[in-house]
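Please look over the sequence and the model shown here. A short briefing on packing, pairing and contacts comes after them.

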Amino acid sequence: MATAEHKASLGKNELGDVLREMLLIRRFEEKVEERFRAGELPGFLHVAIGQEGSAVGVCRALEDGDVIASTHRAHGHTLAKGTHPNELMAELYGKQEGCSRGYGGSMHLFDVERGNMGANAVVGGGLPIVTGAALAFQMRGEPRVAVAFFGDGATNIGTFHEALNLAQLWTVPAVFVLEDNKWAESTPESQHSPIRDLSLRAKAFGMKGLKADGQDVEAVYKAARQALDHARSGKGPVFLHLDCVRFHGHYIGDPQVYRDKDEARALAESRDPIKRLREKLGLGDEEFADLDAEVTEIVEASVEFAKAGTDPAPEDALKNIYA
Amino acid sequence: MPEITYREAVRDALSTAMRQDDGVFIMGEDIAEMGGSMGVTAGMLDEFGAERVRNTPISEMALAGAAIGAALQGMRPVAEIMYEDFLTLAAEQIVNQSAKLRYMSGGQLTVPVTFRTQGGAGWSPGAQHAQQLEAWFVHIPGLKVVFASTPEDARGLLWSAIYDDNPVVFFEHRTLYPLKGDVPDEIEPIPLGRARVHREGEDVTVIATGRLVHESLEAAEKAEGDGISVEVVDPRTLQPLDEETLVSSVKKTNRAVVAHEAVTRMGFGAEVAAVLQYQAFDWLDAPVERVGAKFAPLPFAPVMEQFVVPHADDVLAAIKRTVGKG
């Protein structure tokens, strides 16, 4: 849902859209949790509740032609990059109308027409691909940027280090967006990283680093604009470190035995990107309720759309293996 | 008809594609100034420049993945994985990503990338520089797998691999690089999935790949002296496999030997044997024989290395067993 306007920061009207978009993602994710618990959704699902600010802030800063690659926690990125909630929900229901035609599922959401090269169920798996996509743009002289989302858990895997190293070496137009929610599944950052400030990782490659509060969508947007401008102007890739909060578990149904419940609740209360923007915009209860009703209706409609969708034939499993 | 080496044939396919198509480029370790560890890309830097003959760090995941990413955005990259052994380092990107992106996206993506690599014993590098790992990759739906054994095949097949819209793992055999052979004046693309009958025969079919094609031709000559007429067939493309040609040959000869340099157990030959027993069961007069490396890592000492990998005599012994002369 990136707009054609690209200012350094968002105006008041745009912020209203941004709030609506974040709220839509929130309600979508809550609905996904509900339908999964009701036994309607197959597979392994990860919601990004709490991380709406990074998805919307980054994707809104993109220009037409820019591409993204996402992670296993991809619903927010996918919606923010412009996939219709109907197509996303249909995918989660395994329907032909889904954004991956029922071949992908929650961890493999694609929307090539809208510049989404795909979510990835292998942590860090999309990073070298983003470097390569950016290389193609560079070689053809196209003013496009390839953007990778990944979490702090990915900063320890080889693909991360290899992809960033190559990207900087070749100064390709890529932005590496670290959504640092301090958890690699159930493992806290203190147990998976020897350094507390993961933005230091960029320094090792001589890569430009930017930092922003991932729970502040305006800050995300501003930093993303800066990062994208830098990359697009041929100055090389950028490591964009977003300080994020994952409100819920790693996957739907995760009892989070590893996490202090009170602390998680307090974070959700104090660092909610939606609440923050709502307060800034001074939205009263009635106005917010109207907005909420509007997006909830879209989400409900997506469930109806998905349920009414077409099941693939079992033997469709043998299609799309080769071009 | 010019005569060129297998090495020149690979280079000619790459260079010709790059001359006619800006979307084709090569990347890999030491491929620029050094011309590749096998000299395949020698001189290409001078002709095409560093932008299209891209030296990479020693970083197989990144170079394989970057090739995939560029392919997704419409290029036709050819990534060189210096030694087949190092495919294991790139396997995440090749197996989990390139092979499945089209499928997972419901057909939205195409991944026209080629991974060139080489391996093969006979020069005593030890256990980590000469493995034959084609069986790992034929097992992956979404990949195409080619193993060229002659200059003509290397050139025509690589051309087809570059212009195939699927990820192709292209195996070359190290000891074949100096091999000379006639090639057509102009590159004639060889369709992927078509076997080549190198020699016609009546009594036994030997289905061989890579170096073992040549060992099998030598064995066939020797068998001829013993009055055994041997047909030698090279599938050339292991995935997709030209089952029709293999099966019809065996239906004619009624006996089969499958030969490759890779370890016999769980090897590509096991699949070929299964295809033959199922599709030509009533035609078979003997068990399908398999020839391959013994179940051991490749050893260093030349005498041990020679012992582990198969040679013409091993193929000949297998041929004789199928006709009851073993």
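This is a predicted model: local features need pLDDT of at least 70, side-chain atom pairs count only at pLDDT 80 or more; totals for chains, interfaces and linings use all residues.

Residues are numbered from 1 along each chain as its sequence is written, while chains are lettered from A and ligands numbered from 1 in the order in which they are written.

**Helix packing in chain A**

- Two packed helices are described by the angle between their axes and the distance between the axes.
- Helix H1 (residues 12-37) of chain A packs on helix H12 (residues 285-307) of chain A at an angle of about 45 degrees, and the axes are 9 Å apart. Axes are lines fitted to C-alpha atoms, for helices over the stretch in contact, and angles run from 0 to 180 degrees between N-to-C directions. Helices (H or I, at least four residues) and strands (E, at least two) are DSSP runs, numbered from the N terminus.
- That angle makes H1(A) oblique to H12(A). Under 35 degrees counts as roughly parallel, over 145 as roughly antiparallel, 65 to 115 as roughly perpendicular, and the rest as oblique.
- H1(A) passes H12(A) in a right-handed crossing. A crossing is right-handed if the near helix is turned clockwise from the far one by less than a right angle, and left-handed if anticlockwise.
- On H1(A), the contact residues include Arg20(A), Leu24(A) and Phe28(A). On H12(A), Leu291(A), Val295(A) and Val299(A) are among them. Residues are in contact if their C-beta atoms, placed from the backbone, lie within 7 Å.
- By class, this contact of H1(A) with H12(A) has eight nonpolar, one polar and five charged residues. Ala, Val, Leu, Ile, Met, Phe, Trp, Tyr, Cys and Pro count as nonpolar, Asp, Glu, Lys and Arg as charged, and the others, Gly among them, as polar.
- Helix H2 (residues 52-61) of chain A and helix H9 (residues 217-232) of chain A cross at roughly 40 degrees, and their axes come within 8 Å. H2(A) and H9(A) are therefore oblique to each other.
- The crossing of H2(A) past H9(A) is right-handed. Residues that meet here include Gly53(A) and Gly57(A) in H2(A) and Tyr221(A) and Ala224(A) in H9(A).

**Sheet in chain A**

- Five strands of chain A form an open sheet with parallel pairing, in the order E1-E2-E3-E7-E6. Two strands pair if DSSP finds at least two bridges between them.
- Strand E1 (67-69) and strand E6 (208-213) of chain A stand at the edges, each with a single partner strand, so one side of each is left without a neighbour in the sheet.
- The twist averages 20 degrees from one strand to the next.
- Strand E2 (residues 146-151) and strand E3 (residues 174-180) of chain A run parallel, joined by six bridges. Gly151(A) stands opposite Glu179(A) in E3(A).

**Contact between chains A and B**

- Chain A gives 33 residues to the contact and chain B gives 34 residues.
- H5(A) gives the most to the side of chain A that touches chain B, with ten residues.
- That side of chain A divides into 19 nonpolar, twelve polar and two charged residues.

**Domains of chain B**

- Chain B is divided into domain 1 (3-182) and domain 2 (196-322), with bounds from an automatic or database domain assignment.
- The C-alpha centres of the two domains of chain B lie 26 Å apart.
- In chain B, 24 residues of domain 1 are in contact with 24 residues of domain 2.

Notes
Two residues are in contact if their C-beta atoms, placed from the backbone, lie within 7 Å.
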